[in-house]
Amino acid sequence: MKHLAIVPGDGIGKEVIDVGMDVLDAVCEISSFDYDGELFDIGSERYLRSGELLTEEDISDLRKKDAIYFGAIGDPRVKPGILEQGILLKMRAVFDQYINLRPVTSWFPLVPLKREVPFDIHFLRENTEDFYMGAGGTFSGAKKEAFVKVQREMYGLEMELKTDSSNGDDFAFEIGLLSRKGVSRFADYAFNYAKARGDNKITLVDKANVCTHIYGMQRAIFEEKSKEYGIKLEYMFVDAMAMAMIVRPETFGTVAVPNLFGDILTDLGAQLQGGLGMGASGNINPKGVSMFEPIHGSAPDIAGQKKANPIAAILAAQLLLENQGYPEEGMMLRRSVRYCLDNGLTTPDLGGKLTTEEVGKAVCKYILEQKK
């Protein structure tokens, strides 16, 4: 019996997670997988009622679970960043979910590329460091003078020093940080993941030609791990990677990428495979509580209209099953998605005419027929 935390969140998150739960129930009927799910009221509605985001009680209760099945977060009534930082990013940090897994698969005929060459890229994004640590600030006046001095010394520039902040010439900065511990465990996971997939190389994406310190250290650690695991390592600058994903996505398998660039590239990947409604992710702590979610947002503009695409939530359930030791059941969900695409059993965003619930019923029917 697996103990799951169910966090539907906001907007269409509730609708697609309902479908995901039905699908997991269907899997229970035909396999040894079984679970109980506890519903958590975490999201905008509670925040607007009580001002609570992610409480200590929430954290304590979530720690007791095997995994978290998460819907979406976001509400136009709440200032951007409050829910995302106070719930989603905090959850990832509290449970040290240092790996973000996002598969990018060629779900034909949805792929917008002219070349119909199959691809299956698995992005492993470092999920706790880089430029997403909140290390930054703003300054002006005397502090600005110190900053300009550093710039002048670094580049040998003749820069005018001004200490008057009344002209609005303030500075803002954000610092990216990588630790040896963080990069080492990220690299270990990536090489083990590639080995399990049968990949003979890892592609490491960075911008080491500009951010020489943090990504230079990352490269050095990955080089050590490459020798240790006996798996090849190739480098791609992030801008070149974005171009290569368009012209030759089939040449990539396991891709390791730092936090900021991973956030961007995986959204590009989602469009390559047919849109955000096809994208699933896992926020993984290999020795703790992991969280699985569709990558789309709460889409308040279509919430309650029964046309939200539930496939990303179903594929997130696939990742959850695989993470919890049920790979065959996970592949069954993947095959069910292929079945729906092949037979036009989709929501309007994919050219179909079914409601969210009807797509879920089609998937459940396919799964239950595997018992016969």
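Mentor: We'll start with the overall picture and then turn to helices, cores and aromatic rings.

Mentor: Keep in mind that this is a predicted model.

Trainee: Got it. How many helices and strands does the protein have?

Mentor: The secondary structure comes to 12 helices and 12 strands.

Trainee: And what share of the residues counts as buried?

Mentor: Of the 372 residues, 50% count as buried. The accessible surface comes to about 17400 Å², and 52% of that belongs to carbon and sulfur atoms.

Trainee: OK, nonpolar cores next. Which residues touch the most other members in the largest one?

Mentor: That core has 84 residues, and Tyr-69, Phe-123, Phe-222, Met-241 and Ile-367 touch the most other members. There is also a second, separate core of 18 residues, with Val-7, Ile-68, Phe-70 and Val-289 among them.

Trainee: Where do Phe-186 and Phe-222 lie?

Mentor: Phe-186 is in helix 6 (residues 180-197) and Phe-222 is in helix 7, so the pair ties together parts that are 36 residues apart in sequence. Phe-186 counts as buried because its relative accessibility is 0%, and Phe-222 is also buried, at 0%.

Trainee: How are the rings of Tyr-215 and Phe-261 arranged?

Mentor: Their centres are 5.8 Å apart with the planes at 45°, so that pair is tilted. Tyr-215 sits in helix 7 and Phe-261 in helix 9, so this pair ties together parts that are 46 residues apart in sequence. Both Tyr-215 and Phe-261 are buried.

Trainee: Let's stay with helix 9, then. Which of its residues are buried?

Mentor: They are Asn-259, Phe-261, Gly-262, Leu-265, Thr-266, Gly-269, Ala-270 and Leu-272. As for why such spacing makes sense in general, an α-helix has 3.6 residues a turn, so residues three or four places apart point the same way.

Trainee: What do those buried residues pack against?

Mentor: Their partners include helix 7 (212-229), helix 8 (238-247), strand 4 (99-105) and strand 10 (254-257).

Trainee: Why does the length of helix 9 agree with what you'd expect?

Mentor: Helix 9 has 14 residues (259-272), which should span 20 Å at 1.5 Å a residue, and the end C-alpha atoms are 20 Å apart, so the two agree. After the helix comes Gly-274, with a positive phi near 125°.

Trainee: Switching topic: which ring does Arg-185 lie over?

Mentor: Arg-185 lies over the face of Tyr-98, at 3.9 Å from the ring centre. Arg-219 lies over the face of Tyr-235, at 4.0 Å from the ring centre.

Trainee: Last one: is Gln-318 buried or exposed?

Mentor: Gln-318 counts as buried, because its relative accessibility is 5%. This residue is found in helix 10 (residues 311-323). Leaving out residues up to four places away in sequence, Gln-318 touches Gly-330, Met-331, Leu-333 and Arg-334.

Methods
Residues are numbered from 1 along each chain as its sequence is written. This is a predicted model: local features need pLDDT of at least 70, side-chain atom pairs count only at pLDDT 80 or more; totals for chains, interfaces and linings use all residues. Side-chain values use heavy atoms; hydrogens and water are left out. Helices (H or I, at least four residues) and strands (E, at least two) are DSSP runs, numbered from the N terminus. The expected span of a helix is 1.5 Å times one less than its number of residues. Buried means under 20% relative accessible area, exposed over 50%, partly exposed in between (1.4 Å probe, protein chains only). Contact means heavy atoms within 4.5 Å. A nonpolar core is a set of buried Ala, Val, Leu, Ile, Met, Phe, Trp, Tyr and Cys residues joined through side-chain atoms within 4.5 Å. Accessible areas come from the Shrake-Rupley method with a 1.4 Å probe; for residues, only the protein chains shown count as cover. Rings of Phe, Tyr and Trp (its six-membered ring) pair if their centres lie within 6.5 Å; planes under 30 degrees apart count as stacked, over 60 as edge-to-face and the rest as tilted. A charge sits over a ring if NZ of Lys or CZ of Arg is within 6 Å of the ring centre and within 35 degrees of the ring normal.
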